[in-house]
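Let's take a walk through this fold, starting with its sheet and then turning to the helices around it. Keep the model open while you read.

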Amino acid sequence: MAGYAAPGFDTLALHAGSAPDPVTGARAVPLHLSTSFVFESAEHAASLFNLERPGHVYSRLSNPTTAVLEERIAALEGGVGGLATASGQAGLMLAITTLASAGDHIVASSALYGGSHNLLHYTLPRLGIQTTFVRPGDHDAWRAAIRPETRLLFGETLGSPGLDVLDIPAVAQIGHDHGLPLLVDATLTTPWLQRPLDLGASLVLHSATKFLCGHGTVVGGLLVDGGNFDWDAAHARHGRAATLCEPCDGFHGMVFTEESSVGAFGLRARREGLRDFGACMSPHTAWLILQGIETLPLRMARHVENTQRIVEFLATQPMVGRIRHPSRPDHPDHALASRLLPKGCGAVFSFDLQGSRRQGQAFIEALELFSHLANVGDARSLVIHPASTTHFRMDDAALAAAGIGPGTVRLSVGLEDPADLIDDLQRALKVAQKAA
């Protein structure tokens, strides 16, 4: 983008990372469905393997189409590099294993997506990595949970399904005081609503399956290295970040912070994590997600506008109890959201349906425009019952800590005409009332 010193968000969403193809002149991003790429010579091949020059070797490590997506999300988030993964869960696993080994420890928000909670609570302990969960707004608990072996702080911009707003500046400062990076899952906000790196976070994670893609057709994840964390200082002062600051046997003694002073995390995550674990993104998936990102600013504005209309409607309904959306003055994080999310609080929220379990089931089954399925961030409106689906593995205490009750319903508001969505909800509420 020559001539543009600081392109705006809408421009970056269309152009970052891409240029007209120099061979064919294609203006749209070409789809390179190729597993591997021809070397110019033996010397060229050796230099690529030794990381002495940039280029593509094998699509498990990098691919020209996927690289455009990685550069685009890095530009939108204000980071120094991006990595595309097979899913958001693969991105989370990649981030953790790049920094933590057996015997290490993580401090995480208790208000997490159910799959992330399951990984941290049940699966990672089998690999020797423990996690302490703390309420996202309890800053003393974040500090108290940090141990000498802690390697990462982790939270979501908006915790699911209670929509707890993560105070990124405060938690990031706690991390900086102890030599710890803050990884933020920004799936529900996207960089259009909030850029965690600008608020002090060091790493950003997305399930690109959701709003970034927007059309509900592919599964993918994106991880962004902010390039703003001093790994060498964390290692020298606190004994952390050994995976980046000490020689790596798998790369003939390479020290990643010496190889790349600002992109050490991304370098090791790609060269070791993607290479060894293989959870890479297909180029076709990357191409489809790029189509979604091109319209992200327009879609997010409409998502937020529709959501506000739905929240205001539900607030007038006798069968609807507490609505958990930070735009509501009675939400505990309303003031924090006004400060950190001035453009809106996203399009996913939950509310408690008054009545029996049977009435809740009748409500969900009566909806026609809202699709009953396990996803969010689609252009279409979606609904689900978290206690019996996304968070079903959590016990009662963990459910309560995450703000989930037996009557909690989660909505993801899409791009339909808001009047039609309100009609659908109104009719389903009447059906639920009759089911008493």
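Two strands count as paired when DSSP finds at least two bridges between them. Strand β2 (residues 105–109) and β3 are joined by five bridges and run parallel. Within that pair, Ala108 has Phe133 of β3 as its bridge partner. One thing to keep in mind throughout: this is a predicted model.

## The sheet as a whole

Where does the β2 and β3 pair sit in the strand order? Reading across, the order is β1-β7-β6-β5-β4-β2-β3. That makes an open sheet of seven strands, with mixed pairing.

The edges belong to β1 (81–85) and β3 (130–134). Each has a single partner strand, so one side of each is left without a neighbour in the sheet. From one strand to the next, the twist averages 20 degrees.

Now have a look at strand β6 (residues 203–207). Is it mostly covered or mostly open? It's mostly covered, with five of its five residues buried. Leu203, Leu205 and Ser207 point one way from β6, while Val204 and His206 point the other way.

On one pairing, strand β5 (residues 182–185) runs parallel to β6, and three bridges join them. On the other, β6 and strand β7 (residues 221–225) run antiparallel, with five bridges between them. Val204 takes part in both pairings: in β6 it is the bridge partner of Val184, and in β7 its own partner is Val224.

## Helices lying across the sheet

Helix α7 (residues 168–177) lies across β4 (150–156) and β5. Its direction is at about 150 degrees to β5.

Helix α12 (residues 264–277) lies across β1, β6 and β7. Compared with β1, helix α12 runs at about 25 degrees. So what does β6 have over it? Helix α12 is the one lying across that strand, along with β1 and β7.

## Where α4 meets α5

Two packed helices are described by the angle between their axes and the distance between the axes. For helix α4 (residues 88–99) and helix α5 (residues 114–123), the angle is about 35 degrees and the axes are 10 Å apart. The crossing of α4 and α5 is right-handed.

Which residues meet there? From α4 come Gln89, Leu92, Met93 and Ile96, and they meet Gly115, Ser116, Leu119 and Leu120 in α5. Sorted by class, the contact of α4 with α5 has five nonpolar and three polar residues, and no charged ones.

Note on methods. Residues are numbered from 1 along each chain as its sequence is written. This is a predicted model: local features need pLDDT of at least 70, side-chain atom pairs count only at pLDDT 80 or more; totals for chains, interfaces and linings use all residues. Side-chain values use heavy atoms; hydrogens and water are left out. Buried means under 20% relative accessible area, exposed over 50%, partly exposed in between (1.4 Å probe, protein chains only). Helices (H or I, at least four residues) and strands (E, at least two) are DSSP runs, numbered from the N terminus. Axes are lines fitted to C-alpha atoms, for helices over the stretch in contact, and angles run from 0 to 180 degrees between N-to-C directions. A crossing is left-handed if the near helix is turned anticlockwise from the far one by less than a right angle, and right-handed if clockwise. Contact means heavy atoms within 4.5 Å. Ala, Val, Leu, Ile, Met, Phe, Trp, Tyr, Cys and Pro count as nonpolar, Asp, Glu, Lys and Arg as charged, and the others, Gly among them, as polar.
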